[in-house]
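Student: I have a structure open and would like to go through it with you. Can we start with the chains and work down to single residues?

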Amino acid sequence: MSNNDQAATAGPAPASRQKAARKPRRTRIIVDFMGSMSLAITLLVALAIASVIGTVLVQNEPYTEYLMDFGPFWHEVFAGMGLYQVYSATWFLLVVAFLVVSTSFCVYRQSPGLLKDLRRYNLQVKEKSLRSFHSSATGDLDQPQEEFAQHAHRVLKAQGFRAREKTSEGQTVIAAMRGRWNRMGYLLTHVGIVVICVGALADGTTLLKLNEWLGNLEIETRSVPISEVPRSAWVPEWNPSFRGSVEIPEGASANVVFLPVREGYYVQELPFRIELEEFRIERFSTGAEQSYESDLVIHDPDRDEPLRHTISVNHPLIYDGYAIYQASFADGGTKLDIDAIPLGAEALQELEVPGRVFQEMDVPTPDGGNRTVEFINFRSENVVPLLNEEGVREDRQLGPSFDFRLIDRTGQGLYYRNYMRPALQEGAMYFLSGVRETPADEFNYLFLPADSDDSLERFRTYLAMLHNPEVRNAIAQQVARDDDTVPDEQSEAIARTTAELMGLFAEGGYGAVHEEIERRVPAERIDEVRDLMIRILHAGLQGLYMEVLQDEGVVSIQEEEQRFLEDAISAINAISLYQSPFFFHLKDFEHREASGLQIARAPGQSTVYAGSTMLIIGIFLLFYVSYQRLWIMARRREDGEGTHVVMAGTSNRHKVEFEERFAHLKRWIIDQKPVGSDPQREDSHNKNT
Amino acid sequence: MSVPHEALDFERPGFFRQLQLRDWGYFALMATVATISLTLFGENMDRYDIGGLMLAVGTSAWLGWFWRPWKAFSIIVGVLALFGIWLYGDNLAANETNFWLNYIGSGQAGVMWMSVFLYLSTVAYLLGLFSNSDFPSRVGAAFAWVGAGAGAMALLVRWREIYLTDPTWGYIPVANLYEVFILFAALTTLMYLYYEQRTGSRNMGAFVMLVIAAAVTFLLWYMFDREAHVVEPLVPALNSWWMKIHVPSNFVGYGGFAIAAMLGVAFLVRNRLDGTRPDAAITRRIPSTETLDSVMYKSIAIGFAFFTIATVLGAMWAAEAWGGYWSWDPKETWALIVWLNYAAWLHMRFTKGWRGPTMAWWAIVGLFITTFAFLGVNMFLSGLHSYGEL
């Protein structure tokens with residue numbers, strides 16, 4: 001990045017440039033190439049393009065996903081080019097390294113000239129070249145040469161210029177400059193960039209890559225217990241820089257972190273053990289996390305006593321060069337006390353399932369088979385925003401929930417989320433269970449109506465009775481008998497139909513009923529028959545419900561009871577889609593959380609910060625201090641007394657403002673008149689802009 | 001004959017001696033504001049809060065010295081904001097019943113007034129470009145001042161409104177896309193007004209205000225279509241004093257780049273007219289390519305300087321919040337791309353002396369890159385910075 005500012009060097013050629021005209025040598029050519037602007041810009045562009053790739057192609061995904069997205073051919077190509085981890089790819093690091101080298105060469109090449117610029121006033125100017133300056137002026141004064149020179153010095157000094165003077169052969173040359181810090185700006189910015197990159201390379205994964213390349217390390221791609229990870233995937237404590245994460249459940253501890261690498265990971269050893277005593281989370285009224293924190297205990301063999309410290313988001317612990325951050329949280333294996341309630345004839349029996357998050361267990365089903373349940377997650381709080389009747393937002397707490405997956409013999413299964421407590425929905429209480437095919441889908445909810453005790457008792461009774469053929473028959477006959485519109489001789493047939501429809505409904509909901517009707521009835525009569533059949537079915541379901549209420553001792557049927565029936569019918573209809581033989585009802589839990597820690601070691605961090613500071617200071621010097629040079633040449637006028645003056649100046653920034661300043665200087669120095677009523681104000685503006 | 005030195009005016013008084021009574025008066029006012037704030041709320045402030053207060057007051061005092069209109073602007077905005085806050089009292093619902101709050105003093109009202117005046121300002125500047133009179137552009141500048149003031153007031157009042165919504169949610173309103181768009185519109189307008197005053201070329205406004213009007217349009221859509229103005233609590237990682245300096249620095253950067261791009265457009269128009277209709281009135285009303293080039297450079301320079309600061313501050317914040325000063329998160333990476341782009345622009349100007357249409361085009365392309373870094377990343381790419389999602 002050569003810094004041959006045109007303006008600043010438009011004047012007489014400095015000595016260093018004259019030297020450059022010598023016969024080029026090979027080293028010289030290399031230095032020139034490495035420090036050239038074209039190379040630097042090419043590298044900047046390469047870096048920018050590589051960076052774009054890294055943001056467009058999502059980084060560090062599992063390789064199987066890439067394979068699905070791009071197909072085997074492109075996957076191979078992309079993986080080979082390191083595009084899934086652009087920023088740690090060898091070629092990317094090479095580009096950065098090249099940029100560092102190029103910038104260093106540029107600094108190396110430019111510094112001598114720059115430093116010379118600070119000291120060299122360049123008194124060897126020719127009048128002809130001064131006259132060719134963009135800002136240049138001449139004048140003939142009556143003042144003697146000596147007196148003029150003194151005057152010029154005074155003006156220059158007052159205007160903040162440093163000046164040197166040389167008189168030879170009757171000619172006085174004054175060379176002046178100001179804003180020399182601008183030149184330091186160049187050095188600071190470029191050295192700053194080099195320092196930043198060096199610090200960042202020190203914090204990168206270069207050392208790991210080198211060891212990998214030497215065959216000392218081999219990544220682990222399986223998800224296995226840590227005891228089964230082979231030693232070749234363990235990184236010893238010597239590794240000076242890394243960034244990894246580890247999840248520690250409450251009451252547990254860890255002395256390793258996992259470093260994600262490509263499609264796998266390394267296990268990084270730590271010289272101490274971190275124990276998580278307690279994890280706490282504070283929530284806003286919306287249920288969103290306000291902050292979370294972990295009580296950590298550091299057990300270090302070098303310490304007499306363990307160190308206790310609480311970390312939270314934005315407040316890490318720096319211990320012995322290791323920074324320990326609160327990054328995330330998760331379930332740490334909450335104990336779940338579950339009743340598996342069969343959704344069929346055995347609805348009134350229940351099976352106790354002692355579950356634990358992240359565990360799998362087999363649950364026998366009523367039909368004699370079994371299903372595997374995999375507990376995935378537990379949440380102690382679920383707040384959902386709802387609009388109340390006035391349209392004002394209200395946050396509703398739905399209480400604890402747990403996620404699980406039910407897997408059948410073929411390994412297939414749906415994902416479920418069950419809530420522990422019934423939730424109010426449009427005026428009634430329901431037990432909610434969400435079901436979806438993949439974790440990416442939205443949940444479809446099963447609403448099981450809760451009775452007045454907020455329990456499932458009534459629904460379970462109703463469901464069990466509906467699934468019982470004897471009960472169905474008895475109810476059907478009673479309903480047919482009690483119906484005055486049914487002639488006695490048809491009563492028996494109607495009762496049979498009712499019981500049959502109820503049976504169909506119990507097993508497969510309305511879908512099964514419709515199917516049966518379509519199977520039996522000619523197409524032209526379907527609508528008519530369907531309406532009749534649904535009426536008969538509903539009469540039966542209603543009759544069954546009356547029986548349940550009677551057993552409960554409820555005599556009068558209110559709107560609430562009627563609504564329960566409708567909800568129960570909807571729920572039973574939905575059970576066939578729910579694809580689970582059970583409703584898992586959470587009775588109790590023992591919450592155990594895990595804290596996600598990120599642990600990093602970055603010895604280059606302070607170097608990077610120092611470089612950044614240099615960069616920022618340098619930028620301000622470069623932009624807001626303009627390096628100005630001025631030459632004044634004075635000699636005795638040829639036509640007699642007095643002095644002939646040539647004055648010229650140049651600036652590398654803010655040309656417009658410099659022209660104005662030059663005009664002022666000319667007025668003071670050559671015309672020797674005041675500039676105006678308030679030129680200082682004007683001038684200070686120029687200085688600042 | 002030479003004149004005595006005393007009669008010449010080249011002696012430069014020191015910086016402080018150049019200050020006038022009102023400069024010191026403004027400084028005293030700022031000091032009073034700081035003292036009152038510390039007296040009233042000092043016991044609830046930690047050292048970062050106090051540091052932030054000092055930084056804000058100091059910056060404002062310096063801005064008042066450096067750029068005179070800032071004094072009046074900041075006082076009026078401050079008084080209006082305090083008025084709105086006073087009207088609220090402790091009751092957020094007051095804005096539904098109180099006329100003044102509903103129509104002037106609330107954050108929402110402020111945003112609406114800002115939008116109206118910035119639109120009007122754009123129209124006036126455009127009229128000015130096509131009229132022989134200076135009047136429309138003057139009106140445009142006046143409207144721009146009012147619009148920027150309304151936006152600044154809106155942010156200040158919203159700051160209080162967030163605390164009124166729920167004291168535990170309280171944060172400075174530069175945390176989501178809605179808030180930063182208000183910041184962008186107000187800040188960019190102010191930066192433009194500064195350059196307008198310094199150069200005395202009013203007709204740059206017809207170009208610059210277009211990008212601000214576009215931002216206002218986005219803001220209004222975001223507000224009406226997405227209810228973006230509804231206050232939501234902050235995610236834990238954002239709850240940090242770094243945000244107070246990181247975000248505003250970034251927006252000085254974005255503002256500078258936006259102004260530069262629009263001046264690039266003006267440059268190309270003027271350059272074209274110089275070739276085709278050098279004597280037309282409209283040609284002369286657009287500032288000269290030299291002026292445009294100079295202001296374009298200056299706004300990229302200030303943008304670049306503050307963007308660098310913002311990126312470094314962001315890295316320091318990331319080191320505290322995410323466990324590393326650089327994660328190659330898409331937002332970070334695009335910030336780097338923006339930085340590299342303008343670094344290359346500045347190098348070409350400094351070392352190769354590039355000027356003219358190429359640089360103007362480049363500044364325009366730069367705005368597209370910047371816009372992608374600002375908005376596109378949030379829309380199309382996911383990452384750690386996913387706070388300002390659409």
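Tutor: Start with Asp320(A), which sits in the loop between β10 (317–319) and β11 (322–331) of chain A. Keep in mind that this is a predicted model.

Student: What is phi for Asp320(A)?

Tutor: Phi of Asp320(A) is positive, about 55 degrees, although the residue is not a glycine.

Student: And how many other C-beta atoms lie within 10 Å of Asp320(A)?

Tutor: There are 13, and Asp320(A) is partly exposed.

Student: OK, back out to the whole chain. How many helices and strands does chain A come to?

Tutor: Chain A has 17 helices and 26 strands. Its radius of gyration is 43 Å, well over the 26 Å from the globule rule for 689 residues, so chain A is more spread out than a compact globule.

Student: What does the C-alpha trace of chain A span along its principal axes?

Tutor: About 150 × 65 × 55 Å. Of the 689 residues in chain A, 34% count as buried. Among chain A contacts with a separation of 6 or more, 64% are between residues 24 or more positions apart.

Student: Which strands make up the open sheet of three in chain A?

Tutor: The order is β13-β12-β23, with antiparallel pairing. β13 (351–356) and β23 (582–590) are the edge strands, each pairing on one side only. From one strand to the next the twist averages 30 degrees.

Student: How many bridges join β12 to β23(A)?

Tutor: Eight bridges join them, and β12 covers residues 335–342 of chain A. To find one on screen, look at Ile341(A), whose bridge partner in β23(A) is Phe583(A).

Student: Switching to chain B. What is its secondary structure?

Tutor: Chain B has 14 helices and zero strands. Its radius of gyration is 22 Å, close to the 21 Å that the globule rule gives for 390 residues, so chain B is as compact as a globular protein of that length.

Student: And its spans along the principal axes, what are they?

Tutor: The C-alpha trace of chain B spans about 65 × 55 × 45 Å. In chain B, 46% of the 390 residues count as buried. Residues 24 or more positions apart make up 76% of the chain B contacts with a separation of 6 or more.

Student: Which residues have the most contacts inside the largest nonpolar core?

Tutor: They are Ile182(B), Ala185(B), Val208(B), Met262(B), Leu263(B) and Ile300(B), in a core of 132 residues. Helix α12 (residues 289–321) of chain B gives the most to this core, 20 residues. There is also a second, separate core of 62 residues, which includes Ala340(A), Met420(A), Leu504(A) and Phe584(A).

Student: Leaving aside neighbours within four places in sequence, what is Ala185(B) in contact with?

Tutor: With that exclusion, Ala185(B) is in contact with Met114(B), Leu118(B), Gly151(B), Ile212(B), Ala215(B), Val216(B) and Leu219(B).

Student: I also clicked on Leu210(B). Which helix is that in?

Tutor: Leu210(B) is in α9 (residues 205–226) of chain B. It counts as partly exposed, with 15 C-beta neighbours inside 10 Å. The C-alpha atoms of Leu210(B) and Ala186(B) are separated by 14 Å, and the two residues are 24 apart along the chain.

Student: Last topic, the interface. How many residues of chain B are in contact with chain A?

Tutor: 52 residues of chain B are in contact with 62 residues of chain A. On the chain B side, the elements that give two or more residues are α12 and α13 (330–351). α13(B) gives the most, with 12 residues.

Student: How does that side of chain B split by class?

Tutor: The side of chain B that touches chain A has 30 nonpolar, 15 polar and seven charged residues.

Conventions. Residues are numbered from 1 along each chain as its sequence is written. Chains are lettered from A and ligands numbered from 1 in the order in which they are written. This is a predicted model: local features need pLDDT of at least 70, side-chain atom pairs count only at pLDDT 80 or more; totals for chains, interfaces and linings use all residues. Helices (H or I, at least four residues) and strands (E, at least two) are DSSP runs, numbered from the N terminus. A residue is buried if 20 or more other C-beta atoms lie within 10 Å of its own, exposed if 12 or fewer, and partly exposed in between; C-beta atoms are placed from the backbone. A nonpolar core is a set of buried Ala, Val, Leu, Ile, Met, Phe, Trp, Tyr and Cys residues joined through C-beta atoms within 7 Å. Two residues are in contact if their C-beta atoms, placed from the backbone, lie within 7 Å. Two strands pair if DSSP finds at least two bridges between them. Axes are lines fitted to C-alpha atoms, for helices over the stretch in contact, and angles run from 0 to 180 degrees between N-to-C directions. Ala, Val, Leu, Ile, Met, Phe, Trp, Tyr, Cys and Pro count as nonpolar, Asp, Glu, Lys and Arg as charged, and the others, Gly among them, as polar. The radius of gyration is taken over C-alpha atoms; the globule rule is 2.2 Å times the number of residues to the power 0.38.
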